[in-house]
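Me: I have a structure open and would like to talk it through with you. Could you take my questions one at a time?

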Amino acid sequence: MLPRVILHNAVSLDGKIDGFPVDLYQYYELVATWKEDATLAGSDTFLKAASEAPPEDESALLPPKIDPNDRRPLLAVPDSRGWIRTWHYLRSLPYWRGFVALCSQSTPQEYLHYLKERHIDCIIAGEDHVDLRAALQEMNCRYDAKVVRVDAGGTLNGLLLRQGLVAEVSLLIYPSLVGGEKQRGIFVAPDLPVADLPESQKKVISLKLIQMEQLKGEVVWLRYEVLSTTGH
Ligand SMILES: NC(=O)c1ccc[n+]([C@@H]2O[C@H](COP(=O)([O-])OP(=O)(O)OC[C@H]3O[C@@H](n4cnc5c(N)ncnc54)[C@H](OP(=O)(O)O)[C@@H]3O)[C@@H](O)[C@H]2O)c1
(Lines give C-alpha, C1' and ligand atoms only; values in the text may rest on other atoms or scores of the structure.)
Protein backbone atom coordinates (compact mmCIF):
# COMPACT_ATOMS: atom_id res chain seq x y z
CA MET A 1 0.00 0.00 0.00
CA LEU A 2 1.11 3.57 -0.62
CA PRO A 3 1.38 5.96 2.33
CA ARG A 4 -0.48 9.26 2.30
CA VAL A 5 2.11 11.71 0.93
CA ILE A 6 2.00 15.39 1.90
CA LEU A 7 4.13 18.16 0.39
CA HIS A 8 4.77 20.98 2.85
CA ASN A 9 6.69 24.01 1.55
CA ALA A 10 7.38 27.62 2.34
CA VAL A 11 7.13 29.66 -0.88
CA SER A 12 7.38 33.26 -1.96
CA LEU A 13 4.31 34.78 -3.58
CA ASP A 14 5.94 34.06 -6.96
CA GLY A 15 6.30 30.38 -6.09
CA LYS A 16 10.05 30.30 -5.39
CA ILE A 17 11.42 27.87 -2.87
CA ASP A 18 14.63 29.66 -1.86
CA GLY A 19 16.00 33.19 -1.67
CA PHE A 20 13.70 34.74 0.96
CA PRO A 21 13.70 34.61 4.78
CA VAL A 22 11.61 31.78 6.27
CA ASP A 23 10.42 31.45 9.87
CA LEU A 24 11.64 27.88 10.39
CA TYR A 25 10.07 27.67 13.84
CA GLN A 26 6.63 28.36 12.32
CA TYR A 27 7.30 25.99 9.40
CA TYR A 28 8.24 23.05 11.63
CA GLU A 29 5.62 23.80 14.31
CA LEU A 30 2.92 23.07 11.70
CA VAL A 31 4.43 19.69 10.88
CA ALA A 32 2.65 18.22 13.94
CA THR A 33 -0.60 18.68 11.93
CA TRP A 34 0.01 15.46 10.02
CA LYS A 35 1.47 13.15 12.70
CA GLU A 36 3.91 11.92 10.07
CA ASP A 37 5.43 8.45 10.30
CA ALA A 38 8.30 9.46 8.02
CA THR A 39 9.88 12.54 6.50
CA LEU A 40 11.00 12.21 2.89
CA ALA A 41 13.71 14.77 2.17
CA GLY A 42 15.85 15.48 -0.90
CA SER A 43 19.57 14.82 -0.65
CA ASP A 44 20.57 18.27 -1.95
CA THR A 45 19.51 19.92 1.32
CA PHE A 46 21.76 17.61 3.36
CA LEU A 47 24.64 17.95 0.91
CA LYS A 48 24.40 21.75 1.22
CA ALA A 49 24.50 21.44 5.02
CA ALA A 50 27.35 18.87 5.06
CA SER A 51 29.87 21.46 6.26
CA GLU A 52 27.94 21.75 9.58
CA ALA A 53 28.66 18.09 10.37
CA PRO A 54 31.59 17.28 12.66
CA PRO A 55 33.93 14.50 11.51
CA GLU A 56 32.72 11.00 12.28
CA ASP A 57 34.20 9.08 15.23
CA GLU A 58 33.95 5.37 16.14
CA SER A 59 30.49 5.87 17.76
CA ALA A 60 29.08 6.07 14.20
CA LEU A 61 29.62 2.31 13.90
CA LEU A 62 27.66 1.38 17.05
CA PRO A 63 24.16 -0.04 16.59
CA PRO A 64 21.55 2.62 17.44
CA LYS A 65 19.37 2.15 20.54
CA ILE A 66 15.81 1.36 19.47
CA ASP A 67 12.92 2.54 21.64
CA PRO A 68 9.60 1.01 20.51
CA ASN A 69 7.75 3.93 22.17
CA ASP A 70 9.65 6.56 20.20
CA ARG A 71 7.00 8.44 18.20
CA ARG A 72 9.38 10.61 16.17
CA PRO A 73 9.33 10.03 12.39
CA LEU A 74 11.86 8.18 10.30
CA LEU A 75 13.99 10.16 7.87
CA ALA A 76 14.12 8.75 4.32
CA VAL A 77 16.42 10.30 1.71
CA PRO A 78 16.71 9.28 -1.96
CA ASP A 79 20.45 9.06 -2.59
CA SER A 80 21.06 6.73 -5.53
CA ARG A 81 24.55 8.19 -6.06
CA GLY A 82 25.63 7.49 -2.46
CA TRP A 83 26.64 11.04 -1.68
CA ILE A 84 25.38 11.50 1.88
CA ARG A 85 28.15 10.78 4.39
CA THR A 86 26.74 12.73 7.32
CA TRP A 87 24.36 10.14 8.81
CA HIS A 88 26.30 10.28 12.11
CA TYR A 89 25.42 13.97 12.33
CA LEU A 90 21.77 13.48 11.32
CA ARG A 91 21.56 10.80 14.05
CA SER A 92 22.73 13.31 16.64
CA LEU A 93 19.85 15.69 15.81
CA PRO A 94 16.67 15.36 17.87
CA TYR A 95 14.16 15.17 14.98
CA TRP A 96 14.11 11.52 13.81
CA ARG A 97 13.96 8.08 15.45
CA GLY A 98 15.61 6.25 12.57
CA PHE A 99 17.07 6.60 9.09
CA VAL A 100 16.66 4.96 5.73
CA ALA A 101 18.70 5.65 2.61
CA LEU A 102 16.68 5.11 -0.56
CA CYS A 103 19.05 3.63 -3.13
CA SER A 104 18.82 1.96 -6.53
CA GLN A 105 20.55 -0.79 -8.51
CA SER A 106 23.06 1.85 -9.64
CA THR A 107 24.15 2.84 -6.11
CA PRO A 108 27.85 2.00 -5.67
CA GLN A 109 28.44 -1.21 -3.65
CA GLU A 110 30.98 0.69 -1.59
CA TYR A 111 28.20 3.02 -0.39
CA LEU A 112 25.88 0.12 0.49
CA HIS A 113 28.73 -1.31 2.58
CA TYR A 114 29.28 2.10 4.21
CA LEU A 115 25.58 2.19 5.20
CA LYS A 116 25.63 -1.38 6.54
CA GLU A 117 28.67 -0.68 8.73
CA ARG A 118 26.81 2.27 10.25
CA HIS A 119 23.50 0.40 10.73
CA ILE A 120 21.68 2.78 8.37
CA ASP A 121 18.73 1.00 6.78
CA CYS A 122 18.54 0.93 3.03
CA ILE A 123 15.75 0.33 0.51
CA ILE A 124 16.87 -0.55 -3.00
CA ALA A 125 14.23 0.38 -5.58
CA GLY A 126 14.67 1.25 -9.25
CA GLU A 127 17.49 0.83 -11.73
CA ASP A 128 19.12 4.24 -12.14
CA HIS A 129 17.44 6.76 -9.83
CA VAL A 130 15.16 5.60 -7.02
CA ASP A 131 11.75 4.26 -8.05
CA LEU A 132 9.81 6.50 -5.68
CA ARG A 133 6.52 4.58 -5.87
CA ALA A 134 8.23 1.29 -5.02
CA ALA A 135 10.28 2.92 -2.25
CA LEU A 136 7.15 4.44 -0.67
CA GLN A 137 5.38 1.08 -0.85
CA GLU A 138 8.34 -0.57 0.86
CA MET A 139 8.36 2.13 3.58
CA ASN A 140 4.72 1.32 4.24
CA CYS A 141 5.38 -2.40 4.28
CA ARG A 142 8.63 -2.40 6.29
CA TYR A 143 7.97 0.42 8.79
CA ASP A 144 4.18 0.72 8.63
CA ALA A 145 4.63 4.31 7.32
CA LYS A 146 1.08 5.49 6.68
CA VAL A 147 1.81 9.23 6.47
CA VAL A 148 4.91 10.62 4.77
CA ARG A 149 5.64 14.35 4.77
CA VAL A 150 7.90 15.58 2.02
CA ASP A 151 10.43 18.26 2.94
CA ALA A 152 11.99 18.84 -0.45
CA GLY A 153 12.71 21.16 -3.30
CA GLY A 154 11.00 21.36 -6.69
CA THR A 155 12.74 18.36 -8.29
CA LEU A 156 11.60 15.75 -5.77
CA ASN A 157 8.20 17.45 -5.46
CA GLY A 158 7.87 17.41 -9.27
CA LEU A 159 8.67 13.72 -9.54
CA LEU A 160 6.16 12.81 -6.84
CA LEU A 161 3.46 15.04 -8.33
CA ARG A 162 3.89 13.79 -11.90
CA GLN A 163 3.85 10.18 -10.72
CA GLY A 164 0.52 10.77 -8.97
CA LEU A 165 1.95 9.97 -5.53
CA VAL A 166 0.86 13.12 -3.65
CA ALA A 167 -2.37 13.34 -1.64
CA GLU A 168 -2.00 16.84 -0.14
CA VAL A 169 -0.11 20.07 -0.87
CA SER A 170 0.48 22.46 2.04
CA LEU A 171 1.97 25.87 1.28
CA LEU A 172 3.10 28.69 3.52
CA ILE A 173 2.91 31.71 1.22
CA TYR A 174 5.35 34.44 2.25
CA PRO A 175 4.80 38.11 1.48
CA SER A 176 7.93 38.15 -0.70
CA LEU A 177 8.61 38.37 -4.42
CA VAL A 178 11.96 36.81 -5.30
CA GLY A 179 11.97 36.91 -9.11
CA GLY A 180 15.05 35.90 -11.09
CA GLU A 181 15.73 33.20 -13.65
CA LYS A 182 17.79 30.76 -11.57
CA GLN A 183 15.61 30.54 -8.46
CA ARG A 184 13.59 27.34 -8.57
CA GLY A 185 9.91 26.83 -8.01
CA ILE A 186 8.03 24.25 -5.96
CA PHE A 187 7.15 22.05 -8.96
CA VAL A 188 9.97 21.31 -11.39
CA ALA A 189 9.05 18.86 -14.15
CA PRO A 190 9.24 18.58 -17.95
CA ASP A 191 6.99 21.00 -19.85
CA LEU A 192 3.64 19.59 -20.90
CA PRO A 193 3.38 19.55 -24.73
CA VAL A 194 1.82 22.79 -26.02
CA ALA A 195 0.98 21.28 -29.43
CA ASP A 196 -1.93 19.32 -27.97
CA LEU A 197 -3.40 21.67 -25.37
CA PRO A 198 -6.50 19.63 -24.43
CA GLU A 199 -4.29 16.57 -23.88
CA SER A 200 -1.78 18.64 -21.82
CA GLN A 201 -4.54 20.12 -19.70
CA LYS A 202 -5.62 16.62 -18.68
CA LYS A 203 -2.19 16.29 -17.03
CA VAL A 204 -2.56 19.51 -15.03
CA ILE A 205 -3.08 18.53 -11.40
CA SER A 206 -6.40 19.70 -9.93
CA LEU A 207 -6.63 20.66 -6.28
CA LYS A 208 -9.38 21.25 -3.72
CA LEU A 209 -8.80 23.91 -1.08
CA ILE A 210 -9.27 22.36 2.39
CA GLN A 211 -7.82 25.05 4.70
CA MET A 212 -6.89 28.72 4.52
CA GLU A 213 -5.42 30.61 7.45
CA GLN A 214 -3.44 33.81 8.04
CA LEU A 215 -0.46 33.20 10.34
CA LYS A 216 2.10 35.39 12.10
CA GLY A 217 4.26 37.51 9.77
CA GLU A 218 1.49 37.86 7.12
CA VAL A 219 2.14 34.30 6.04
CA VAL A 220 -0.88 32.59 4.47
CA TRP A 221 -1.22 28.85 5.02
CA LEU A 222 -3.06 27.03 2.28
CA ARG A 223 -3.79 23.30 2.28
CA TYR A 224 -5.07 21.50 -0.80
CA GLU A 225 -6.23 17.95 -1.41
CA VAL A 226 -4.95 16.58 -4.72
CA LEU A 227 -7.96 15.56 -6.84
CA SER A 228 -6.50 14.08 -10.00
CA THR A 229 -3.87 11.53 -9.19
CA THR A 230 -3.19 8.01 -10.34
CA GLY A 231 -1.50 7.05 -7.05
CA HIS A 232 -4.55 6.47 -4.84
N1 LIG B 1 11.10 26.30 0.93
C2 LIG B 1 10.92 25.06 1.34
O3 LIG B 1 9.88 24.70 1.89
C4 LIG B 1 12.01 24.04 1.09
C5 LIG B 1 11.90 22.76 1.67
C6 LIG B 1 12.92 21.84 1.39
C7 LIG B 1 13.99 22.19 0.57
N8 LIG B 1 14.05 23.45 0.06
C9 LIG B 1 15.16 23.85 -0.83
O10 LIG B 1 15.11 23.07 -2.01
C11 LIG B 1 16.42 22.86 -2.54
C12 LIG B 1 16.68 21.43 -2.95
O13 LIG B 1 15.87 20.54 -2.23
P14 LIG B 1 16.10 18.97 -2.12
O15 LIG B 1 17.33 18.63 -1.38
O16 LIG B 1 14.83 18.42 -1.57
O17 LIG B 1 16.34 18.52 -3.57
P18 LIG B 1 15.52 18.46 -4.89
O19 LIG B 1 16.43 19.22 -5.78
O20 LIG B 1 14.09 18.79 -4.88
O21 LIG B 1 15.56 16.89 -5.22
C22 LIG B 1 16.73 16.16 -5.13
C23 LIG B 1 16.32 14.76 -4.74
O24 LIG B 1 15.56 14.19 -5.79
C25 LIG B 1 16.09 12.91 -6.12
N26 LIG B 1 15.94 12.70 -7.56
C27 LIG B 1 16.41 13.48 -8.58
N28 LIG B 1 16.05 12.96 -9.77
C29 LIG B 1 15.37 11.82 -9.50
C30 LIG B 1 14.72 10.84 -10.33
N31 LIG B 1 14.73 10.92 -11.65
N32 LIG B 1 14.07 9.83 -9.70
C33 LIG B 1 14.04 9.73 -8.35
N34 LIG B 1 14.62 10.64 -7.51
C35 LIG B 1 15.28 11.66 -8.09
C36 LIG B 1 17.57 12.98 -5.72
O37 LIG B 1 18.04 11.70 -5.44
P38 LIG B 1 19.22 11.05 -6.35
O39 LIG B 1 20.48 11.69 -5.88
O40 LIG B 1 19.10 9.60 -6.05
O41 LIG B 1 18.89 11.38 -7.77
C42 LIG B 1 17.53 13.87 -4.49
O43 LIG B 1 17.32 13.16 -3.29
C44 LIG B 1 17.38 23.28 -1.46
O45 LIG B 1 17.96 24.46 -1.92
C46 LIG B 1 16.53 23.56 -0.24
O47 LIG B 1 16.98 24.68 0.48
C48 LIG B 1 13.10 24.37 0.30
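Me: Which helices and strands each supply at least two residues of the shell around the ligand?

Reply: Those are β1 (4–12), α2 (43–48) and α6 (154–162), each of which supplies at least two residues of that shell. Helices (H or I, at least four residues) and strands (E, at least two) are DSSP runs, numbered from the N terminus. Please keep in mind that this is a predicted model, in which local features need pLDDT of at least 70 and side-chain atom pairs count only at pLDDT 80 or more, while totals for chains, interfaces and linings use all residues. Residues are numbered from 1 along each chain as its sequence is written, and side-chain values use heavy atoms, with hydrogens and water left out.

Me: Which residues come nearest to the ligand?

Reply: Of the 23 residues around the ligand, Thr45, Lys48, Pro78, Ser80 and His129 come nearest. A residue counts as near a molecule or strand if one of its heavy atoms lies within 4 Å of it.

Me: And how do the shell residues divide into nonpolar, polar and charged?

Reply: The shell has 9 nonpolar, 9 polar and 5 charged residues. In this scheme Ala, Val, Leu, Ile, Met, Phe, Trp, Tyr, Cys and Pro count as nonpolar, Asp, Glu, Lys and Arg as charged, and the others, Gly among them, as polar.

Me: What does an oxygen atom of the ligand reach on Ser80?

Reply: A ligand oxygen is 2.6 Å from an N or O atom in the side chain of Ser80.

Me: How much of the ligand does the protein bury?

Reply: Taken alone the ligand exposes 930 Å², and the protein buries 85% of that. Accessible areas come from the Shrake-Rupley method with a 1.4 Å probe, and for residues only the protein chains shown count as cover.

Me: Let's go back to Ser80. Which side chain has a polar atom 2.9 Å from the backbone oxygen of Ser80?

Reply: That is the side chain of Thr107, a residue in the loop between β4 (98–103) and α4 (109–117). The Thr107 side chain also reaches the backbone nitrogen of Ser104, at 2.9 Å.

Me: Why does Thr107 count as buried?

Reply: Thr107 counts as buried because its relative accessible area is 4%. Buried means under 20% relative accessible area, exposed over 50%, and partly exposed in between (1.4 Å probe, protein chains only).

Me: New topic, the backbone. What is the phi of His119?

Reply: His119 has a positive phi of about 60° although it is not a glycine. His119 is found in the loop between α4 and β5 (121–124), and at 36% relative accessibility this residue is partly exposed.

Me: What about Asp144, where is that one?

Reply: Asp144 is in the loop between α5 (132–143) and β6 (147–151). Asp144 has a positive phi of about 60° although it is not a glycine, and with 43% relative accessibility Asp144 is partly exposed.

Me: Last one: is Pro68 buried or exposed?

Reply: Pro68 is exposed, at 67% relative accessibility, and lies in the loop between α2 and β3 (74–78).

Technical notes: Polar contact = N/O pair within 3.5 Å; in protein donor to acceptor, adjacent residues only side chain to side chain.
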